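Q: I have a multi-chain model open and I would like to learn how to read it. Could we go through it together, starting with the places where chains touch?

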Amino acid sequence: MILQTQDLTASYGDFRALFGVNISLEPGQIVSIIGANGAGKTTLMRSISGVLQNAPEQVVFKGKPIGDLPASNIMQRGIAMVPEGRRLFPSLSVEENLLVGADRRKGSGPWNLHSVYALFPILSEFRSRPATALSGGQQQMIAIGRALMSNPEVLLFDEISLGLAPIVIREIYAAMPKILSQGTGAIIVEQDIAQAMRVASYVYCMIEGKVSLEGAPADLSRSVVHEAYFGAAA
Amino acid sequence: MIGIDTIIQGVLLGGLYALFASGLSLIFGIMRLVNLAHGDLIVFAGYLILVGVSVFGLNPFLSALIAAPLMFGVGWVLQLAVLNRVLGHNILPPLLVTFGLSVILQNLLLETFSADSQRIPVGVLETASVDIGVTSLGLLPLLTFGSAIAVILILNWIFYRTALGRAFRAVSDDPTTASLMGIKPNRIFALATGLALVIVTIAALYLGMRANFDPTTGPARLLYAFEAVIIGGLGNLWGTLIGGMIIGVSQTVGAALNPEWQILAGHVAFLIVLLIRPRGLMPKQ
Amino acid sequence: MTHNARIEIATRSSRVFLVFAFAAIIAAVFLPAFVSRGIIKDMFAILTLLALAQCWNLLAGYGGLVSVGQQAFVGLGAYTLFAVVGLYGFDPLLSILMGGVVALLFAIPFAFFLFRLDGAYFAIGSWVLAEVARLSVAQWKAVGGGTGTSLPRDTVRSMPGTDWVRALFDVSGSAARDIILYWIALILAVALMTAIYVLMRRRIGLGLTAVKDNAEAARSVGINASAIKWMTYLISAFGAGMVGALIFLQTARISPGAAFSVTDWTAFVIFVVVIGGIGTLEGPILGVIVFFVLQNFLADFGSWYLVALGAAGIVVMIFAPQGLWGLLRDRLGLTLFPLRRRVIFTSERTDL
Ligand SMILES: Nc1ncnc2c1ncn2[C@@H]1O[C@H](COP(=O)(O)OP(=O)(O)O)[C@@H](O)[C@H]1O
Ligand SMILES: [Mg+2]
């Protein structure tokens, strides 16, 4: 096990968004997280990546408690995030957005400017344009490339396909084996249930800040997932 | 009389104002913080250099070289201990804190150095000049202008060519996402303020060698710096240099017409630009 | 940078306090019968500072406009009084009102310039305009140019009501004049506070209805935000102009440096408001009291007094941004003026 949350709770001020969430990730494994809007998926990603801070033991990475560390520190330990909405830096060019991903951690692995351009050739064409001038799909490629640049051990993808055209989504998922070829683990937050079940070896479904269902995709029937996704009342 | 001479003096004076302005612009650009104590920090650095010269007998340039890292430290500590605590959505706290700092600095200087006006002694450099045919130019104003250009070149190089510059811009865009890149926004802010105060030291060196200063000189320098930044357009250092030159020329021309109009003419030029081009002459994008 | 406005509300009635306040005002009116001339002079200084503090509080605390240039209006008001009284022999008391009106008239073009400057730059811009005003007035030779001038002795002596007050309290002519000026300061301070109080209640009432009725609340508040800016800026200029005229009627001597002093008319005022509690009516009252107590204790320490004041302002801003009044209110749970609401302008910055 490379990454684990233990009874993770998280709040925004007085508002509690997570109520004791337990998930775990093996090295090289892909886990996906599904759940309706507001279920707490982004909050979970923020807690792991250090944007939200918690009690130390609530997040454990390679056997060490990291729940209380700031995001900058967690990134340097090898967890990189592709945030919801991509969050590129508008003042930076495409290439600078990629470079800034590696300025504070190079890591050991195959990823550098050259290999990211090889993965997404279109980016090298636009390398000196402002990153936010590109299309949504291309921006997602930059965000993924930026996260890869530090050769992380775990990658977090929040809403990887949100707002993208189906063909672009297919392209990005097609690149996934290469992205994770070095034994990189990944947690993918995905709205599309079928896609999530296809790509992951283990799935968590969240509802109202709790995990309502988990298991290997093969073990989960459609109706059970449906119920866990929308709540028992639906 | 307004001659070519007056204009050239004004242009060169603009170099000094661009030096005042670069530090202000740097801090604002990266953390959206308007530092009302900027002018007082220039004067503070001026006294620091003066102590090196008059107490330890150093050459002014050497004294500034020693003062620069000290000022960097002042900026670093100031940012981490005070200013980082008030950065955020509300513009009120940083303004009030830096205004408080301005009052503190002025009065500390007053207690320490008295209200007497001072000057950094420079010897022969003070009167040395270069003859360019139409007129002769003071070596010191030329040196000031050259330093302003050098400072802008170096700042632009840092901003657009280095990892530190990328971090500056990334943090300025979005501190949270920058922290996901392993950047510590608070450290970057401290570095930026440290760097700004190094520029402040350079500005102080030339201010102190060219004119008298006293503990209350700061606020007026803040205003010139601010005017240069606004005239040039936010985030454009070459624009800031142009802005400084406009203020400088207005002042020398105003003074040529009537010595009492010098400062007023600079402010009026600023207001006119603000009226016609509210976003400055060279706005970014 | 875009601006958002939001409104905080919490109303609690406090009729008991209003009765108290009324009694205090009555007591203040009759104060000259019981105390020495020195105390009346101190009270004059306290009330004028309070009035300036409330003006700045309206501007920054309610309107979100952090000005470092209120000395412009103090100086313009004061110079107006010196011009019309000294040059044209106007009635001094009426000239106080004229000081306010002239300040208000200048505030219109000032606002036109300043509202082009975004958020924080407004502060320095307002300072530039105050400097322009100071430097321009220094060119005005009829009122003494850069060195300033004094009011003619007899105009000061012949202030209306002097004889009546002399007879009433059995005091000297100059003491009678101090009493009259004290009363005017009292009227100004009370009137300004009442106006701000009424205005903010009404304004907030309207803002609230808009928010309730309409899903596009942010937009309607956004439109109000511009009106609120103009209104607070003009009112605070008018108030500062009158206070400036009054202060320099009392000193009877003026110079550009004194009339446009950033330390006296803006720095002190800011510290009073911040230390007392910004965005409340009670805060500045508390702040002024603290200010004068400190001033009396630290009078012998010269500039150190200002260092201490600046440091106190910074400490309060960092550790207790609600000010002393905010601390007291949280501790005791009391509200004297039910006005705990303010429009807060923020520079937009999104969080991940
Ligand atoms: N910055 C925030 N402040 C307050 N509440 C928030 C914030 N972000 C999210 N929430 C709330 O937390 C809950 C979980 O949100 P989120 O983690 O974004 O859900 P998801 O990503 O699954 O759509 C929601 O009820 C949302 O309204
Ligand atoms: Mg989400």
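A: Gladly! Keep in mind that this is a predicted model. Start with who touches whom: 38 residues of chain C are in contact with 39 residues of chain B.

Q: Which elements of chain C each supply at least two residues of the side that touches chain B?

A: There are four to look for in chain C: α5 (119–137), α11 (262–276), α13 (304–319) and β4 (343–347). The largest share comes from α5(C), with eleven residues.

Q: What classes of residue make up the side of chain C that touches chain B?

A: Sort that side by class and you get 26 nonpolar, eight polar and four charged residues. As background, the size of an interface is often given as the accessible area lost when the parts come together.

Q: Let's look at α5(C) itself. How far does this helix reach from its first C-alpha to its last?

A: First a general idea: an α-helix has 3.6 residues a turn, so residues three or four places apart point the same way. In this structure, α5(C) has 19 residues and reaches 28 Å, close to the 27 Å expected at 1.5 Å a residue.

Q: Is α5(C) mostly covered or mostly open?

A: Mostly covered: 16 of the 19 residues in α5(C) are buried. For chain C as a whole, buried residues make up 45% of its 352 residues.

Q: How many helices and strands does chain C have?

A: Chain C has 14 helices and four strands. To see how the chain folds back on itself, look at contacts with a separation of 6 or more: in chain C, 79% of them are between residues 24 or more positions apart.

Q: Can we try one residue, C:Arg157? Where is C:Arg157 found, and why does it count as exposed?

A: C:Arg157 is in helix α6 (residues 153–157) of chain C. C:Arg157 counts as exposed because it has 11 C-beta neighbours inside 10 Å.

Notes: Residues numbered from 1 in each chain as written. Chains lettered and ligands numbered in written order. Predicted model: local features only at pLDDT ≥ 70, side-chain atom pairs only at ≥ 80, totals over all residues. Contact = placed C-beta atoms within 7 Å. Nonpolar A, V, L, I, M, F, W, Y, C, P; charged D, E, K, R; others polar. Expected span 1.5 Å × (residues − 1). Buried ≥ 20, exposed ≤ 12 C-beta atoms within 10 Å, placed from the backbone.
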